[in-house]
Amino acid sequence: MLENIWNSLLELKRILDASDPKDISILVSVNDEGSDIRIDSPEKGLTSSVTYVFSNTDESSLVFNLNEKFDLVISDNVPISAEYRFIENYLPYCFSALKGRRLKRAFAITHYAQSLDGKIATSGGNSKWISDEENLVHCHRMRALCDGIIIGINTLRNDKPQLTVRHVKGNNPVKIVIGSSSSSFSSLLHQKEKVLLFTSNSAKVLQGVEQIEFPEKVERPVFILQQLYKMGIRSVFIEGGSFTTSSFLISNMTDEIQLFIAPTIFGSGLQNFELPIIKHVKDALTFSKYNFQIMGKGVLFKGEVKYRAKGTDHQ
Ligand SMILES: NC(=O)c1ccc[n+]([C@@H]2O[C@H](COP(=O)([O-])OP(=O)(O)OC[C@H]3O[C@@H](n4cnc5c(N)ncnc54)[C@H](OP(=O)(O)O)[C@@H]3O)[C@@H](O)[C@H]2O)c1
């Protein structure tokens, strides 16, 4: 059943990517054979909603209300069923394109697997594997629900990731690297998906990589998300490392942070975030909405970033 729900979420993302509704009433019927989606305008006076109707499960139907920004409105008395939890976890990302359209830039979600003391790699750059199997599957679901994945050039060099969707069904996102220093792109070039490089030095020809040079005097994370939006990439999953993720946070270009926290302490190593120094706790980055959930051997934190006064220009 969860696989059929997953298929319905992929289909919903595909439909919503191509539409621009103000209010929406979505009816998803799921059974053991598959799923069917019907989209209408809500009746007058009713808010936007997504209703899942099941046959063959304990749940007959589940209703998810949405506010005017297409955020899920979660009530206190929610059912604890596996179906509910699964939809609640991944349905919000079906609306990322609509949120990106409002912001006129790609909607940005960032993820790390980190130790309890906030390290994302050892001092030598090793990060395999702070996460576990369950978190890996979660990351692949997030990749499938985003149009692009962003990494920094050091992560490409150290981890040689493929940045594909392999552990669940779904399309591969566009692969986006940021950096001026050279590195091998071979781990990214096995599939037909586009590879983009945002760089301040596009002099070197890289086979199979489309290079976009930073104009002078732009705030780079802002330029990147606006440029991606113009290219039809409405949502991105930023997968690190520390410099890259921090630069998007400093520029207020991160909408949601996801942290998989593993039960381990490094005591040394690469810090998750390097942000401008603050003097008072009240100046810390906070979240308008957040939750913690048990995931595999650890905990997943998800928080919607509350934008704050600008820090330094971190380029
Ligand atoms: N645990 C995890 O979840 C996780 C996830 C990802 C990575 N990692 C680890 O993180 C480490 C790498 O992190 P890192 O902080 O050293 O490097 P990084 O963020 O991967 O790459 C940094 C480089 O990317 C370019 N860059 C990124 N953002 C930029 C911006 N806004 N403007 C201009 N250039 C930008 C710059 O390249 P140039 O200097 O060439 O201009 C910069 O030096 C690796 O060891 C990896 O294993 C861990």
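## The ligand and its contacts

In this predicted model, a polar side-chain atom of serine 247 lies 2.9 Å from a nitrogen atom of the ligand, and such a polar contact is a pair of N or O atoms within 3.5 Å, where, within protein, one must be able to donate a hydrogen and the other to accept it, and residues adjacent in sequence count only if both atoms are side-chain atoms. The backbone also takes part: a backbone N or O atom of alanine 113 is 2.7 Å from a nitrogen atom of the ligand, and a polar backbone atom of glycine 125 is 3.0 Å from an oxygen atom of the ligand. The ligand taken alone exposes 920 Å², of which the protein buries 87%; these accessible areas come from the Shrake-Rupley method with a 1.4 Å probe, and for residues only the protein chains shown count as cover.

## The shell around the ligand

How many residues surround the ligand? There are 27, and the closest are Ala113, Thr155, Asp159, Ser181 and Thr244, where a residue counts as near if one of its heavy atoms lies within 4 Å of the molecule. The shell divides into ten nonpolar, 14 polar and three charged residues, with Ala, Val, Leu, Ile, Met, Phe, Trp, Tyr, Cys and Pro counted as nonpolar, Asp, Glu, Lys and Arg as charged, and the others, Gly among them, as polar.

Two or more residues of this shell come from each of strand 6, strand 7 (119-121), helix 5 (153-159), helix 6 (220-230) and helix 7 (242-250), and helix 5 gives the most, with five residues. Helices (H or I, at least four residues) and strands (E, at least two) are DSSP runs, numbered from the N terminus.

Helix 7 is mostly covered, since eight of its nine residues are buried, where buried means under 20% relative accessible area, exposed over 50%, and partly exposed in between (1.4 Å probe, protein chains only). Just after helix 7, asparagine 252 takes a positive phi of about 60°.

In helix 6, the residues Pro221, Val222, Phe223, Ile224, Leu225, Leu228 and Tyr229 are buried. Helix 6 is followed by glycine 232, and the phi of this glycine is positive, near 90°.

## Aromatic rings

A pair of aromatic rings is described by the distance of the centres and the angle of the planes. The structure holds 15 aromatic pairs, and rings of Phe, Tyr and Trp (its six-membered ring) pair if their centres lie within 6.5 Å, with planes under 30 degrees apart counted as stacked, over 60 as edge-to-face and the rest as tilted. Tyrosine 112 and phenylalanine 273 form a tilted pair, at 5.4 Å centre to centre and with 55° between the planes. This pair links distant parts of the chain, with tyrosine 112 in strand 6 (residues 107-114) and phenylalanine 273 in the loop between strand 14 (270-271) and strand 15 (287-295), 161 residues apart. Both tyrosine 112 and phenylalanine 273 are buried.

Elsewhere, Tyr52, Phe54, Phe64 and Tyr84 form one aromatic cluster. Arginine 141 lies over the face of tryptophan 6, at 4.6 Å from the ring centre, and a charge sits over a ring if NZ of Lys or CZ of Arg is within 6 Å of the ring centre and within 35 degrees of the ring normal.

## Backbone features in the loops

The peptide bond from lysine 128 to tryptophan 129 is cis, with omega near -10°, and tryptophan 129 is found in the loop between strand 7 and helix 4 (133-145). Another cis peptide bond joins glycine 240 and glycine 241, with omega about 0°; glycine 241 is in the loop between strand 12 (235-238) and helix 7.

Lysine 104, in the loop between helix 3 (96-103) and strand 6, has a phi near 60°, a positive value in a residue other than glycine. Is lysine 104 buried or exposed? With a relative accessible area of 58%, lysine 104 is exposed. Lysine 217 has a positive phi of about 55° although it is not a glycine, and its place is in the loop between strand 11 (210-213) and helix 6. Lysine 217 counts as exposed because its relative accessibility is 85%.

## How to read the values

Residues are numbered from 1 along each chain as its sequence is written, and side-chain values use heavy atoms, with hydrogens and water left out. In this predicted model, local features need pLDDT of at least 70 and side-chain atom pairs count only at pLDDT 80 or more, whereas totals for chains, interfaces and linings use all residues.
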